[in-house]
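Subject: The two-chain model

Hi,

Here is the structure I promised to pass on. Have a look at it first, and then read my notes below.

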Amino acid sequence: MSAIMTVEDLRVSFATEDGVVKAVDGVSFELAAGEVLAIVGESGCGKSVTAQTLTGLTRASNARITGSVNYRGREINGLTDNQLRDVRGEQIAMVFQDPMCALNPVYRVGDQITEMIRAHRDVSKKEAKAKAIELLRSVGIPNADRRVRLYPHEFSGGMRQRVMIAMALALEPDVLIADEPTTALDVTIQAQILQLIDRLNRERDLAVIIITHDLGVVAEIADRVLVMYAGQVVEDATLDEIFYEPKHPYTWGLLGSLARLDQPRTTRLTQISGAPPSLLAPPAGCRFAPRCSHVFDKCTELPPLEARTGGTHLDRCWLDPDIKAHRGSERVAHHG
Amino acid sequence: MARFVARRLLGMTAVLFAISVIVFLIFNVIPNSDPAARIAGKNADPALIARVNADLGLDKPLPVQYLTMMKQIFTGQLTSYAKDRNVVQQIWEGVPATFSLCIGAAVLWMSLAILFGYLSAVHAGRFADRALTILSLVGISMPVFWLAAMLLYFLSFKVELFPTGSYVPLTESPGDWAYHLILPWFTLAVLFVGIYSRVLRSNMLDAMNEDYVRTARAKGLSERQVRIRHVLRNSMIPVITLFGLDFGMVVGGGAILTETVYNLDGVGLYAGEAIRSLDLPPLMAVVMFGAFFIVFFNTIVDILYAVLDPRIRLGEAAPA
């Protein structure tokens with residue numbers, strides 16, 4: 001698979017009253033056409049900022065963005081605000097966490113979709129409305145021709161998120177960025193939304209970047225997983241590699257805190273002790289070191305490892321490969 | 001909707017009733033307000049005062065007096081004690097001037113407030129914002145009577161750029177009508193431009209951080225479309241609310257100072273005279289007139305609010 005988006009050494013920092021917050025600090029990854037990439041990490045690890053920077057949404061007077069976001073040969077960080085408009089919605093569309101807040105409460109959902117279509121395409125109101133109804137239908141909203149006239153508050157949470165997705169698909173983009181699309185929904189609705197995204201991915205060959213802190217979501221839908229911690233990528237691997245051969249102690253921690261049906265009920269969930277570091281003055285060396293039970297001198301003295309094993313598995317931990325393999329297989333054996 | 005209107009009409013009647021009773025009672029307890037004594041002159045003998053009282057019906061019990069007065073207001077028969085002229089007719093004659101002043105000023109203050117508030121919010125923290133902030137604070141701080149007097153003095157007497165007041169009916173000469181009203185419009189608008197532009201600015205700054213604004217950007221709308229269709233549109237809801245209340249207030253007596261200084265023959269000027277001569281019938285009629293418009297525009301605002309914000313439904317329970 002060839003990459004349609006290449007992110008290299010992306011850094012986003014915000015000047016605040018307390019100092020400069022390095023929200024994203026040297027993130028690199030590739031997105032292949034038709035791939036589902038999950039970006040995982042706890043709150044404040046920079047996953048949302050990373051995602052929003054991909055379409056320039058973090059541009060602000062107090063923001064500093066460096067590095068490269070290359071989309072099909074086009075450098076997004078270098079585009080003017082006007083040029084960005086061709087990328088937004090047209091090539092890369094976004095779906096946000098809470099569809100109640102992400103849709104404008106004072107406009108009918110149909111008008112919010114046609115507004116987007118008409119901002120990019122020279123079509124009549126009538127054509128745009130027909131397209132909006134068709135889109136709502138395609139994401140599984142019943143009575144779409146009637147519901148197109150309703151306001152966001154007249155929909156349930158799951159239906160609202162379907163509206164958001166329908167809107168994102170309006171211009172047939174190549175990439176869908178979904179920023180915690182299921183976090184605000186209850187579990188059964190979560191599954192439906194994930195199935196919808198999965199179906200769109202397969203039917204339309206739509207590449208998806210899904211931001212989440214929920215490894216259950218990841219297991220359900222992702223092809224590749226990018227694990228982020230304190231503004232940096234700590235592990236980047238295929239779904240199977242993350243679940244069966246995790247190399248970074250932080251990933252171990254995340255997996256250990258996941259409740260699984262295939263475990264005996266007596267198995268206790270583990271937690272990662274401590275809290276993530278301040279992004280104002282992150283620790284030198286590996287940022288996870290202060291919370292890591294395997295920490296040794298190399299972790300704090302040197303910058304994190306940057307190794308690719310098996311070609312694509314990015315590993316950023318200095319631990320001995322044998323120990324990692326042992327821990328990894330121990331987990332699998334234990335949970336198997 | 002029908003239930004809502006019915007309820008509001010009922011409430012409106014109750015409010016007007018309460019206000020009229022209060023005004024009536026206040027008038028009857030304030031010292032030196034006995035109309036008979038004032039009409040009969042300084043050294044009137046008790047017999048004359050008694051005759052005046054009988055003429056005006058003031059010898060009857062208070063509830064009867066009140067009911068008579070209300071009946072006269074609504075049948076248009078009320079006459080003033082002091083001048084023996086039909087009060088309702090006089091208010092009616094003042095309506096064109098008052099409405100010309102208030103509507104013109106409202107158009108001016110809304111347009112300027114939206115323009116200034118928008119510019120302030122878009123350039124928040126920069127020079128334009130600071131300059132507009134200072135300007136609006138100056139506008140808010142200036143008393144209307146002082147501003148009106150200063151404008152009259154400098155622009156009418158010293159430079160003779162504008163007429164020195166008085167009202168020319170629109171039907172007589174639209175040009176002169178506007179020319180005579182420019183200074184009064186400006187005077188009345190200044191305070192509201194200051195307040196509204198500040199309110200709009202802060203609403204817009206809040207709205208800019210809303211998720212739906214980020215969505216609008218992610219949709220690939222131009223910055224202008226994002227600002228006008230999403231930020232400004234949603235920020236206008238509280239401003240419209242304020243406007244309805246203030247416009248009712250201005251029509252219902254808030255323009256009294258402006259009308260007085262510029263000698264505009266409106267309801268406000270008439271109210272001022274009535275207050276000075278402690279004349280109950282015109283006072284009562286003017287208060288009812290004002291209260292009616294305040295309550296009326298309050299209702300309009302409530303209806304408009306539901307139009308502007310579809311999440312609000314009138315008179316029915318919100319869907320779960």
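How many residues of domain 1 of chain B are in contact with domain 2 of chain B? The count is 13 residues of domain 1 touching 13 residues of domain 2, where contact means that the C-beta atoms of two residues, placed from the backbone, lie within 7 Å.

Before the rest, a word on what you are looking at. This is a predicted model, so local features need a pLDDT of at least 70 and side-chain atom pairs count only at pLDDT 80 or more, while totals for chains, interfaces and linings use all residues. Residues are numbered from 1 along each chain as its sequence is written, and chains are lettered from A and ligands numbered from 1 in the order in which they are written.

**Confidence**

The predictor gives the complex an ipTM of 0.87 and a pTM of 0.84. For chain B the mean pLDDT (the predictor's confidence in each residue, from 0 to 100) is 87, and 98% of the residues reach 70 or more. Within chain B, confidence is lowest in helix α2 (residues 35-40), with a mean of 75, and highest in helix α9 (residues 211-218), at 94.

**Chain B**

Chain B has 13 helices and zero strands; helices (H or I, at least four residues) and strands (E, at least two) are DSSP runs, numbered from the N terminus. Its C-alpha atoms fill a box of roughly 85 × 60 × 35 Å along the principal axes. Of its 320 residues, 34% count as buried, that is, with 20 or more other C-beta atoms within 10 Å of their own; 12 or fewer makes a residue exposed, anything in between is partly exposed, and the C-beta atoms are placed from the backbone. Among contacts in chain B with a separation of 6 or more, 71% join residues 24 or more positions apart.

On the side of domain 1 that touches domain 2, the elements giving two or more residues are α1 (2-29) and α4 (62-75) of chain B. Of these, α1(B) gives the most, with nine residues. By class, that side of domain 1 has 10 nonpolar residues, two polar and one charged. Here Ala, Val, Leu, Ile, Met, Phe, Trp, Tyr, Cys and Pro count as nonpolar, Asp, Glu, Lys and Arg as charged, and the others, Gly among them, as polar.

**Where the chains meet**

Between the chains, 22 residues of chain A are in contact with 21 residues of chain B. On the chain A side, α2 (81-87), α3 (99-102) and α4 (109-120) each give two or more residues, and α4(A) has the largest share, three residues. This side of chain A is made up of 11 nonpolar, five polar and six charged residues.

**The sheet in chain A**

Chain A has an open, antiparallel sheet of four strands in the order β2-β1-β4-β5; two strands pair if DSSP finds at least two bridges between them. Because β2 (19-32) and β5 (74-75) of chain A stand at the edges with a single partner strand each, one side of each is left without a neighbour in the sheet. β1 (residues 3-16) and β2 of chain A pair over 11 bridges and form a hairpin with two residues between them. Within that pair, A:Leu10 has A:Val27 as its bridge partner. At the other end of the order, β4 (residues 63-71) and β5 of chain A pair over two bridges, and A:Asn70 stands opposite A:Glu75.

By contrast, A:Arg265 is exposed, with 5 other C-beta atoms within 10 Å. A:Arg265 is found in the loop between α11 (249-256) and α12 (297-301) of chain A.

Best wishes
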